[in-house]
Amino acid sequence: MLDIEKLVGTSCRLCPRNCKLNRNIETGLCKTNNKIEIASFNLHFGEEPPISGNYGSGTVFFAGCNMACVFCQNYPISQLKSAYKTIDEYALADIFLELQNRKAHNINLVTPSHFVHLICKSIGIARRKGFNIPVCYNTSSYDKPEIIEYLKDFVDIYLADLKYADNDLSYKYSGISDYFEVATKSILKMQQTKGHLSIKNKIASSGLIIRHLVIPNNIGNSKKVLDWIASNIEHPTVSLMRQYFPAYKAFNYPEIAHKLVNYQWNEILEYTDKLGIDGYFQVA
């Protein structure tokens, strides 16, 4: 079995960036040290219907990120780290239990990749205290496939972004030159370990939802993303998102310095229908 702690150690290689920095004494490229940092936690009602349900998804927002998206919709948390609290694994386990007691349908780990080794410890601690609701791993998909394999005993549901099929775009907008290759390998591993989305009593219990945020004036990229999904994932569940708004550094890029226009969104909807892809549409 993978020794996940050794991937952090004094030379961090936990995520595909392999920054090899000592997060015990300095910050990695994820902008964090080797301690859990959370920005907030609460019941969240804005996810896909089988994730939020009637009682909400128990969402934990982690500070920092291993990507650097210029348009990040959560940039105060992921890029600027304007407000966060450092906690240990036991405190995070208590948060999981508190959200379960508040009738959350699941625990939703938002941007967890750079803390995954510590989060797994927290899940183990919480389980020993009666934690038993599904765990959602809400990720950019810029994860190592071996980490996804390791997570099969800790994670039930993947909410996996597939942002780009064009590495020139991923480098331009997110500072990552190998996003597509890494993300697709990880998504295939998610599918292999957890299978298709399973829903019981209208609530997701396991499986994979692939998310894609449609970015203005990059419709070709969105079509390539959908082509890959249709060709590589049998009967996929896709969540198309129209929630883009120009944030953070997006105003430095004129082509994405505005919201998505109707005709571009409609073009993607038509293309999705043409491919026979089912799923959800998030428009606000």
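Predicted model: local features only at pLDDT ≥ 70, side-chain atom pairs only at ≥ 80, totals over all residues.
Residues are numbered from 1 along each chain as its sequence is written, and side-chain values use heavy atoms, with hydrogens and water left out.

So how do you find a hole in a protein? Rolling a probe the size of a water molecule over the atoms shows where empty space is left. Here that's done on a 1 Å grid over the protein atoms alone: a cavity is a set of points where a 1.4 Å probe fits but cannot get out, a pocket is an open set with protein on both sides within 12 Å along at least five of seven lines, and lining residues have an atom within 4 Å of a point. Grid points are joined across faces, edges and corners, and a volume is the space filled by probe spheres set on the points.

The largest cavity has a volume of about 80 Å³. Its lining includes Cys 12, Cys 15, Cys 19 and Cys 30, along with Arg 17, Arg 23 and His 114.

Now the largest pocket, with about 820 Å³ of space. It is lined by 32 residues, and Gln 73, Asn 74, Asp 161, Arg 211 and Met 241 are the closest to its centre. Strands S5 and S8 (203–213) are the elements that give two or more residues to that lining, and S8 has the largest share, 3 residues. When I say helix or strand, I mean DSSP runs numbered from the N terminus: helices are H or I with at least four residues, strands are E with at least two.

Next, the inside. Buried means under 20% relative accessible area, exposed means over 50%, and partly exposed is in between, with a 1.4 Å probe and protein chains only. A nonpolar core is then a set of buried Ala, Val, Leu, Ile, Met, Phe, Trp, Tyr and Cys residues joined through side-chain atoms within 4.5 Å.

The largest core here has 81 residues, and those touching the most other members are Phe 62, Phe 71, Leu 92, Phe 96, Leu 151, Leu 162 and Ile 187. Helix H4 (residues 116–127) gives the largest share of this core, 7 residues. Apart from it there's another core, of 7 residues, with Cys 136, Ile 157, Leu 159 and Ile 209 among them.

Which residues does Leu 92 touch, if we skip those up to four places away in sequence? They are Ile 36, Val 60, Phe 62, Ile 87, Ile 119 and Ser 122, where contact means heavy atoms within 4.5 Å. Ser 239 is another one to click on: it is found in strand S9 (residues 237–241) and is buried at 0% relative accessibility. Leaving aside neighbours within four places, the contacts of Ser 239 include Glu 48, Arg 211, His 212 and Tyr 280.

On to the rings. Rings of Phe, Tyr and Trp (its six-membered ring) pair if their centres lie within 6.5 Å; planes under 30 degrees apart are stacked, over 60 edge-to-face, and the rest tilted. That gives 12 aromatic pairs. One of them is Tyr 137 with Tyr 158, edge-to-face at 5.7 Å centre to centre and 75° between the planes. Tyr 137 lies in S5 (residues 135–139) and Tyr 158 in S6 (residues 157–161), so this pair ties together parts 21 residues apart in sequence. Tyr 137 is buried at 1%, and Tyr 158 is buried at 0%.

Last stop, Lys 81. The charged end of Lys 81 sits over the ring of Tyr 84, 4.4 Å from its centre; the rule wants NZ of Lys or CZ of Arg within 6 Å of the ring centre and within 35 degrees of the ring normal. Lys 81 is in the loop between helix H2 (75–78) and strand S3 (85–87), and is buried at 15%.

Most residues other than glycine have a negative phi. Lys 81, though, has a positive phi of about 50°. Asn 201 also has a positive phi, near 55°. Is Asn 201 buried or exposed? Exposed, at 76% relative accessible area, in the loop between strand S7 (198–200) and S8.
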